[in-house]
Amino acid sequence: MTAKPYSFANVAVSEWTKLRTVRSTFWTFVVGGVLGVGLSALISGVSASHYYSDVVIRATWDPVGRSIRPLLLAQLAFAVLGVLTVTAEYSTGMIRTSLAAVPKRTKMMAAKMTISALSSLVVGEVVAFAAFLVGQTMIHSVQPTVPYATLGQHNVLRVVIGAGLYLALVGLLASGFAVLLRHAAAGIAVIVAMLFIIPGLAAALPTSWSQPIEEYWPTNAGTEVYSLGHGAHALSAWVGLGEMALFTAVVIGVALYVLERRDA
Amino acid sequence: MIEARNLTKSYGATLAVDDLTFDVKPGTVTGFLGPNGAGKTTTMRMIVGLDRPSKGTVTIDGRRYRDLPVPLQEVGALLDAKAFHGGRSGYNHLLCLAQANGIPRRRVDEVLAIVGLDAAAKRRAKAFSLGMGQRLGIAAALLGDPRILIFDEPVNGLDPEGIAWVRRLMRDLAGAGRTVFVSSHLMSEMALTADHVIVIGRGRLIRDESTARFIDSSSTRSVLVRSPSTPRLNELLIREGATVETDPSGALVVVGLDAARVGEIAAQAGVVLHELAPQRASLEEAFMELTSESVEFHATGSTNGGQGDR
């Protein structure tokens, strides 16, 4: 046989086959989509119906936020997918077969992460656009007189595209932790702590401590891309997402370093 | 050719593999023998780069496994009957492996036919029996049509038909000029399939020789003698330096003299013999004797809860 060395493209095609041939991939994306778009429709609709009766809602009215913020729950599905694509290799024993076929471990894991991140990006963008459009439609149809947003307005397109990017990035970060931890439960626990628990606990700290945490905690910084405007101290959208991307790159770098050195 | 040089693997204070040096030569079935926990699986994992040696090296035709340009075309390994994702079909499992090494898709159908899984290939692998899982693992090992095959305990858990099939397959592969390196904790299994044996115990090399020689040198031989004048013969044989025991049927079991010599001694003394039969210890007994000092976990129990058969 011809000994043409296997390429990154070969491994990426292989990882795509792995991803699309297990049912959990499909169902995780379905859950993410339903959760994201459904919650967005619900929250947008309920908020619009209270627009005239609730002073706070009216004073801080942000139709884009009402339909995009609910995606912060859907991000769980993307995190779970990011974890499972990695830990399923370990829990099933597939990792031994995978690494025998592709002994260059960084190549194998980088291909896997590339494929799952690209898939998450496509699904994430579809979910973000669907959540926005369905949400705005809900607002408009529940209360036709309430202001609603369109993609053509200032920064709206950036928020929607950024939301999809953020979802893919959450999945990638989750994969990085999963490579380090190798167990689904541990991987999911860490990413949930990262996304929800630590930011939540920070709120209990004195303001001088909690404010920098809220602002610079990597996954919080990432969500800046969800906001149309910015407070005096908040990071700008792309800088925030950039910080989260940088953090993700560091986690993945450490994970790949460990992966190359330990016994599989 | 697989070349291990001073291969060593330690887990903390436990030495799983201790300074192993051996070659696995092309065109033969080489048996890798040792009791459970002797370090066979760890050695095989180091060959395919899953575990990194604490010391020493192991190479495939002079290259480290991870430097092989197309690993599956050089080495096919079955290390574990369940090393696949149960949610994926057998076909897709093989497809993703083939794609990773740029092996054409039609080869997936070919290996499925070789192992007789073509009918079940579209089913999810979690529904496979142990035997089918083993066949899927063998199909994966054959995907790249490799020159070297590594099988770790391939007949474990198989039914007699499956065992016969695996034995035939290994012989056919070696017959076609391939290198087959197969581990087992059963000597009798190896006597049937291997040309050469590498025996280890507690991670150390005990023997590295042809199967015939191994069987020859490690079986304690004795001679069974039946005679109407047992006490006289007993005396004569002991005088010649033999160790003699009497078995329950009254026959003598002679160790230290071969059958020809026993016959000559009897003839010179005019002793009548009714039976003169060379005896051979069973292979399993020979193997157990050889490795008895190196068995890590005796049935009587051990305080060392160590690594088991890693």
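**A loop and the helices beside it**

Modeller: Let us begin with Asn155(A), which sits in the loop that joins helix 7 (105-142) and helix 8 (156-181) of chain A. Helices here are DSSP runs of H or I with at least four residues, strands are runs of E with at least two, and both are numbered from the N terminus. This is a predicted model, in which local features need pLDDT of at least 70 and side-chain atom pairs count only at pLDDT 80 or more, while totals for chains, interfaces and linings use all residues. Residues are numbered from 1 along each chain as its sequence is written, with chains lettered from A and ligands numbered from 1 in the order in which they are written.

Asn155(A) is not a glycine, yet its phi is positive, at about 70°.

Now follow helix 8 of chain A to its partner, helix 9 (residues 184-202) of chain A: their axes come within 9 Å and cross at roughly 135°. Axes are lines fitted to C-alpha atoms, for helices over the stretch in contact, and angles run from 0 to 180 degrees between N-to-C directions. The two helices are therefore oblique to each other, since under 35 degrees is roughly parallel, over 145 roughly antiparallel, 65 to 115 roughly perpendicular, and the rest oblique. The crossing of helix 8 of chain A and helix 9 of chain A is right-handed, a term used if the near helix is turned clockwise from the far one by less than a right angle, with anticlockwise being left-handed.

Which residues make the contact? Helix 8 of chain A brings Leu173(A), Ala174(A), Phe177(A), Ala178(A) and Leu181(A), and helix 9 of chain A answers with Ala186(A), Gly187(A), Val190(A) and Ile191(A). Contact requires C-beta atoms, placed from the backbone, within 7 Å. By class, this contact has 8 nonpolar residues, 1 polar and no charged ones. Ala, Val, Leu, Ile, Met, Phe, Trp, Tyr, Cys and Pro count as nonpolar, Asp, Glu, Lys and Arg as charged, and the others, Gly among them, as polar.

For comparison, look at chain B: Asp19(B), in strand 2 (residues 14-24), is not a glycine either and has a positive phi of about 60°. Asp19(B) counts as partly exposed, with 15 C-beta neighbours inside 10 Å.

Key:
A residue is buried if 20 or more other C-beta atoms lie within 10 Å of its own, exposed if 12 or fewer, and partly exposed in between; C-beta atoms are placed from the backbone. Two residues are in contact if their C-beta atoms, placed from the backbone, lie within 7 Å.
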